[in-house]
Amino acid sequence: MKIGYYPGCSLHGTARELDESLRAVAAPLDLELTEVEDWSCCGASSAHAAGHELAVALPARNLALAAEQGHDQVLAPCAACYNRLAQARLAVERDADLRAALPDLLGRPFSNSVAARNLVDILHERRNLLRERVTRPLTGLKVACYYGCLLVRPSARLGFDDAEEPVSMEQVIQSLGATPIAWNRRLDCCGGAFSVARTGSVIRLSRAVLEDARLAGAEVLAVACPMCHSNLDFRQQALLRRGEKTLPVLYLTELVGLALGLPAERLGLLRHFVDPRPLLAKLSAAPEVH
């Protein structure tokens, strides 16, 4: 399967491990990623506050580039980028004036022909293949799947999974041999957009998410968004200083890579703030399947 790849700013910066782990698992899952040339920021964190036209034009430029380079779909692994790309497509579809203005704004044709896909959607679609290619099943590992607030909402605009009771991430986890747990805060916001401006609020929100997962028996939290990962992993330093327990936070692609038998170094696992090595040691003790 060939697909355009839109890494966005995070995957070339603070979320390099998501980029590395995605590229590492792509080939075993028969995914051919082609990075969109000359891509630019989609404005996910702030453009919509500056103006509706700007918030649409920034992601539309990247979709236009993908179309020019022969793609009919593009994967945006960051949930915030995916959300903006998908919402821009819908805005153009519904607004004839905006649709007419975009070619002049972008300086290039815009056909709105490229579908935006997210990471969980792609992995869920390939879960049967994934199950076949697992060599080191994550048997017994209890995983809290965290969707956050951008992956499945607003449902009327994204149309991905059920906005109230999503199941796709849990089904991917099951295909790895692990056990998704039931917990309450998998759709709650962790405060990602206020990470700098209102740090106290972010720590409070992140702590509530982590505590709920831990009390439900999770050994690891699985995420598919760089902003969520940054909050939930990095902010645990504050909790550690208070003597509270930590919980490893891994990208879904990192768990996929471990189940495929890929080494931790290729998945960027040793770059996280919460040390995942005790968890990795437990997993490495499990027998491989050949």
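The structure is a predicted model, in which local features need pLDDT of at least 70 and side-chain atom pairs count only at pLDDT 80 or more, whereas totals for chains, interfaces and linings use all residues. Residues are numbered from 1 along each chain as its sequence is written, and side-chain values use heavy atoms, with hydrogens and water left out.

The C-alpha trace of the chain spans about 60 × 45 × 30 Å along its principal axes. Of the 290 residues, 54% are buried, where buried means under 20% relative accessible area, exposed over 50% and partly exposed in between (1.4 Å probe, protein chains only). Among contacts in the chain with a separation of 6 or more, 77% are accounted for by residues 24 or more positions apart, a contact being defined by heavy atoms within 4.5 Å.

Helix α4 (residues 52–68) packs against α5 at an angle of about 105 degrees, with the axes 9 Å apart. Axes are lines fitted to C-alpha atoms, for helices over the stretch in contact, and angles run from 0 to 180 degrees between N-to-C directions. Helices α4 and α5 are therefore roughly perpendicular to each other, given that 65 to 115 degrees counts as roughly perpendicular, under 35 as roughly parallel, over 145 as roughly antiparallel and the rest as oblique. On the α4 side the contact is made by His 52, Ala 55, Val 56, Pro 59 and Leu 63, and on the α5 side by Arg 84, Leu 85, Ala 88, Arg 89, Ala 91 and Val 92. These residues divide into 8 nonpolar, 1 polar and 2 charged. In this classification Ala, Val, Leu, Ile, Met, Phe, Trp, Tyr, Cys and Pro count as nonpolar, Asp, Glu, Lys and Arg as charged, and the others, Gly among them, as polar.

Helix α5 (residues 79–94) also packs with α6, at an angle of about 110 degrees and with the axes 5 Å apart; α5 and α6 are therefore roughly perpendicular to each other. In this contact Ala 91, Val 92, Glu 93 and Arg 94 of α5 meet Ala 96, Leu 98, Arg 99 and Leu 102 of α6. By class, the contact of α5 with α6 comprises 5 nonpolar, no polar and 3 charged residues.

Asn 112 lies in the loop between α6 (96–106) and β4 (115–117). With a relative accessibility of 16%, Asn 112 counts as buried. Beyond residues up to four places away in sequence, Asn 112 touches Arg 89, Val 92 and Glu 93. Most residues other than glycine have a negative phi. Phi of Asn 112, by contrast, is positive, near 55 degrees. Asp 38, likewise not a glycine, has a positive phi of about 65 degrees. Asp 38 is located in the loop between β2 (32–35) and α3 (47–50) and, at 55% relative accessibility, counts as exposed.

A further helix pair is formed by α10 (residues 168–175) and α14 (residues 252–259), which pack at an angle of about 20 degrees with their axes 10 Å apart. Helices α10 and α14 are therefore roughly parallel to each other. Met 169, Val 172 and Ile 173 of α10 meet Leu 252, Leu 255 and Val 256 of α14. This contact has 6 nonpolar, no polar and no charged residues.

Helix α14 is largely enclosed by the rest of the structure, because 8 of its 8 residues are buried. Among them is Ala 259, which counts as buried at 0% relative accessibility. Ala 259 touches Val 134, Thr 135, Arg 136, Leu 138 and Leu 176, residues up to four places away in sequence not being counted. Ala 259 and Ile 173 are 86 residues apart in sequence, and their C-alpha atoms are 9.9 Å apart in space. Just after α14, Gly 261 takes a positive phi of about 85 degrees.

Terms used. Helices (H or I, at least four residues) and strands (E, at least two) are DSSP runs, numbered from the N terminus.
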